[in-house]
Amino acid sequence: LVGSEMCIRDRHKTEETRREIPILAMDYTFMHKKQEEKEEKGMPILVTKDLTNTVRGTGMISANVVLQKGACPQAISRLSDEVHKLGHSELILKSDGEPAISSLKRKVKRERAERIVIEDSPMADSRANGAIERAIQQVQGQIRTLKDCLESRIGRKITGEENIFPWLVHHAGATIDRYHVGQDGKTAYRRWKGRDFRREVAEFLSLIHISEPTRPLYISYAVV
């Protein structure tokens, strides 16, 4: 009986410790999941979410087009950048057990200075992977919204092969972080930075003109 009580206490202590370590969940998606007929499939999109079921979790979402699944240099760089941006000294990299994404996690762990724990959940376990699945649905919906608005404004279709598409995907994740309000009344950006995002923004791929004091002419920029 005493041994059983000690096991229970140890298990509770382990669970409490785990709740204090931020969890960065991740998975791949393609825009052809639940897509409309003839919608561009494009390259894999790596989606991550800093889960909020830990003390230091922010809910920050990222979405990045990668050249291929697995530990390719570009994907390693993107995931490493996201780990750096969050600023956690230790974290859990969590995904399903797909070999490609498991390889990516382990490669990033070797390259980062943070204390990183690798966690794989069963690929068919929807309960364990539910948070990242919901994040993917958010990202897919925001990509379609931005894409529809841009196509309406320029009068033509945008394909996944165009250079602007990876920027649109990344912007979709950023807008969710900045403006989606969670059940706690805060955006992910506020949990991350401690303040709301209040900078003025232009519509994606809008043309703006800026007059610089040191130059007599206006300079045009496309906002992405």
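Reply: The chain has six helices and seven strands, where helices (H or I, at least four residues) and strands (E, at least two) are DSSP runs numbered from the N terminus. Their order along the sequence is α-β-β-β-α-β-α-β-α-α-α-β-β. The model is a predicted one, in which local features need pLDDT of at least 70 and side-chain atom pairs count only at pLDDT 80 or more, while totals for chains, interfaces and linings use all residues. Residues are numbered from 1 along each chain as its sequence is written, and side-chain values use heavy atoms, with hydrogens and water left out.

Among contacts (heavy atoms within 4.5 Å) with a separation of 6 or more, 59% join residues 24 or more positions apart.

Now the helix pairs. Two packed helices are described by the angle between their axes and the distance between the axes. Axes here are lines fitted to C-alpha atoms, for helices over the stretch in contact, and angles run from 0 to 180 degrees between N-to-C directions.

Helix α2 (residues 73-86) packs against helix α3 (residues 99-111) at an angle of about 60°, and their axes are 10 Å apart. That makes α2 oblique to α3 (under 35 degrees is roughly parallel, over 145 roughly antiparallel, 65 to 115 roughly perpendicular, and the rest oblique). The crossing of α2 and α3 is right-handed, a term for the near helix being turned clockwise from the far one by less than a right angle, with anticlockwise being left-handed. On the α2 side, A75, I76, L79, S80 and V83 take part, and they meet L104, K107, V108 and E111 of α3. The residues of this contact are six nonpolar, one polar and two charged (Ala, Val, Leu, Ile, Met, Phe, Trp, Tyr, Cys and Pro count as nonpolar, Asp, Glu, Lys and Arg as charged, and the others, Gly among them, as polar).

Helix α4 (residues 130-154) and α5 cross at roughly 120°, and their axes come within 9 Å. The helices α4 and α5 are therefore oblique to each other. Their crossing is right-handed. From α4, Q138, V139, Q142, I143, L146, K147 and L150 meet F165, L168, V169, H171, A172, T175 and I176 in α5. By class, this contact of α4 with α5 has nine nonpolar, four polar and one charged residues.
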